[in-house]
Amino acid sequence: MTAIVSLDRVSVEFPAVDGAGAVRALEDVSLEFRDNEFVVALGASGCGKTTLLNVIAGFLSPTSGEVLHKNTPVRGPGPDRGVVFQKHALLPWLNVLENTEFGLKLQGVAKDERLSRARDYLALVGLSDFERYPIYQLSGGMQQRVGLARALTCDPDMLLMDEPLGALDAFTRENMQELVLDAWRKTRKVVFFITHSVEEALFMATRLIVMSPRPGRITHTYDIDFCRRFFETGNAREVKSSSDFIALREEVLSIIYGEETGDGPP
Amino acid sequence: MMRGLFRRRGPQAVEQYGAPGQGSGTAVSAITIVLILGGWWVVTQLGLIRPLFLPAPEMVISKFAKIACTEHYFEQVLVAVGGLAKVEAKCHGFSDHALHEHILWSLYRVFGAFALATVTAVPIGIAMGMNRHARGVFDPPIEFYRPIPPLAYLPLTIIWFGIGESGKLFLIFLACFAPIAINARAGVRSVSIEQIHAAYSMGASHRQVLRQVVLKAALPEILTGMRVAIAFGWTTLVAAEMVAAKAGIGVMVLNAARFLATDIVFLGIIVIGAVAFVFDLMMRRFERALVPWKGKV
């Protein structure tokens with residue numbers, strides 16, 4: 001299968017500032033995102049997860065190496081790669097519907113079409129009844145759902161999600177995991193998802209990449225299918241409490257903690 | 001009302017423990033205003049201060065009626081509806097102009113200069129926020145002239161513009177310009193990088209990001225700058241009208257002071273305060289309608 005987006009030996013180096021030495025945020029990262037994959041990046045703070053996402057999104061140019069989208073080099077951000085941010089990044093002067101159709105408006109899509117597409121995706125994230133709400137009256141979880149609907153409305157090939165559930169409470173977070181998986185299954189996008197939570201990563205990913213800091217790189221890759229088991233049974237708690245889930249969770253945890261204790265102070 | 005003010009009360013359900021300054025201050029403000037006006041009235045009735053220094057409230061009110069030509073205009077209305085044959089009462093005003101003419105001249109100067117300042121300072125402030133070259137060009141002159149009192153460069157505006165209207169407008173324009181430009185520049189910084197990145201990742205052009213994200217995000221601060229600017233404009237008005245103005249609230253006060261007509265000085269001060277207050281109320285309402293998200297995100 002051909003890759004939608006691929007990274008070829010991408011390195012990112014931030015120059016030295018104020019006495020601190022240059023930082024190699026990413027070193028020689030090669031990665032392929034294939035059709036309908038849900039790739040989750042996991043790792044301690046400073047391991048380059050967000051740098052990796054910014055390079056794919058086009059917010060950051062690699063120091064060396066190349067990012068290709070359908071064999072064309074990525075030169076900057078574009079509507080083929082949608083982004084969902086940790087903080088919702090919605091526009092408070094627009095209501096829920098206007099925020100959702102904003103991308104299509106920027107692209108000059110006719111009003112009728114952008115409204116109908118925006119409404120479709122609001123329905124997908126369960127916000128049909130909140131079209132006219134100002135976004136500052138929504139809860140954090142609902143704001144993230146608008147952010148997801150907004151990104152999907154532009155119909156990107158790939159969805160980049162930078163710790164989208166990081167600021168939510170535990171209960172809302174588990175509901176949102178299921179909602180994101182549901183949206184992914186229905187829209188069949190390639191997803192690149194960043195998280196700090198091992199359980200979230202294992203539950204959602206079809207492929208898990210574990211990253212490690214100084215220099216930022218991919219140390220382990222797992223192909224997993226817990227999300228597909230969730231689709232079959234519809235029971236998230238059962239998947240998360242199964243013995244192989246717990247075993248893999250402990251294995252990944254020991255990798256991450258092993259790095260943190262083994263490395264010592266930089 | 002007084003009992004509510006002085007009675008000791010335990011914490012109530014709506015009050016948050018320890019939150020500073022909670023509750024409405026309207027009742028206390030009303031009492032303050034009544035006390036000031038009442039004190040003014042009592043002191044003048046008892047003759048404690050000579051009218052030259054503190055005219056009685058009723059003197060100010062009757063001066064208002066005279067300068068505003070209330071009788072003259074009331075009779076005009078009566079003639080129009082057919083209740084009176086012809087207008088008898090004369091309208092002398094003060095310094096050859098009725099009160100409303102003074103007010104309109106001052107409004108024209110303040111709002112003319114304010115409008116000029118808004119259309120120039122907003123783009124320049126936004127440019128300063130968006131571009132380091134624009135910031136480098138405009139920052140030194142604005143930061144240099146901003147703290148200088150308008151009276152200090154008043155002579156310069158006379159040398160440059162003469163004693164006509166343009167010098168007066170220029171003086172008030174300068175007073176309004178800096179706060180709007182500085183606030184517009186600060187407003188650019190209130191847009192988050194995520195909002196800009198989100199727009200670009202949905203296919204926005206630079207121009208669209210500027211118009212549909214940055215400008216909108218800066219709007220609350222631009223409006224704050226406009227409120228500060230119009231207050232500076234009123235402050236500078238009297239200075240501007242010191243130079244060869246025929247009509248205007250500022251020149252009315254200055255002329256009245258020259259003739260020791262303290263009641264007219266009081267009247268002018270009250271009119272300036274009232275007009276500025278009404279405009280500020282309008283701006284606040286405008287702000288609530290235009291940027292309802294302010295302070296909520």
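Analyst: Start with angles. Under 35 degrees counts as roughly parallel, over 145 as roughly antiparallel, 65 to 115 as roughly perpendicular, and the rest as oblique. Axes are lines fitted to C-alpha atoms, for helices over the stretch in contact, and angles run from 0 to 180 degrees between N-to-C directions. This is a predicted model: local features need pLDDT of at least 70, side-chain atom pairs count only at pLDDT 80 or more, and totals for chains, interfaces and linings use all residues. Residues are numbered from 1 along each chain as its sequence is written, and chains are lettered from A and ligands numbered from 1 in the order in which they are written.

User: Why are helix 10 and helix 12 of chain B called roughly antiparallel?

Analyst: Their axes cross at roughly 175° and come within 11 Å. Over 145 is the cut-off. Helix 10 and helix 12 of chain B are therefore roughly antiparallel to each other. Helices (H or I, at least four residues) and strands (E, at least two) are DSSP runs, numbered from the N terminus.

User: What makes the contact between helix 10 and helix 12 of chain B?

Analyst: Contact needs C-beta atoms, placed from the backbone, within 7 Å. Helix 10 of chain B brings residues including Leu219(B), Leu223(B) and Trp234(B), and helix 12 of chain B brings residues including Ile272(B), Phe279(B) and Glu287(B). The contact divides into 11 nonpolar, no polar and 3 charged residues. Here Ala, Val, Leu, Ile, Met, Phe, Trp, Tyr, Cys and Pro count as nonpolar, Asp, Glu, Lys and Arg as charged, and the others, Gly among them, as polar.

User: How do you know whether Leu223(B) is buried or exposed?

Analyst: Count other C-beta atoms within 10 Å of its own, all placed from the backbone: 20 or more is buried, 12 or fewer is exposed, and in between is partly exposed. Leu223(B) has 20, so it is buried. Leu223(B) lies in helix 10 of chain B. Beyond four places in sequence, Leu223(B) touches Glu287(B), Leu290(B) and Val291(B).

User: What makes strand 3 of chain A largely enclosed?

Analyst: 5 of the 5 residues of strand 3 (residues 38-42) are buried, so the rest of the structure largely encloses it. Both faces are covered: Phe38(A), Val40(A) and Leu42(A) on one side, Val39(A) and Ala41(A) on the other.

User: How do you know which strands pair with strand 3 of chain A?

Analyst: Pairing requires DSSP to find at least two bridges between two strands. Strand 8 (residues 190-195) of chain A pairs with strand 3 over 5 bridges, in the parallel sense. Ala41(A) has Ile194(A) as its bridge partner there. Strand 9 (residues 207-212) of chain A pairs with strand 3 over 4 bridges, also in the parallel sense. Val40(A) stands opposite Leu208(A).

User: What makes a nonpolar core, and which residues touch the most other members of the largest one?

Analyst: A core is a set of buried Ala, Val, Leu, Ile, Met, Phe, Trp, Tyr and Cys residues joined through C-beta atoms within 7 Å. The largest has 140 residues, and Val40(A), Phe192(A), Ile172(B), Cys176(B) and Ile180(B) touch the most other members. Helix 10 of chain B gives the largest share, 17 residues.

Note on methods
Two residues are in contact if their C-beta atoms, placed from the backbone, lie within 7 Å.
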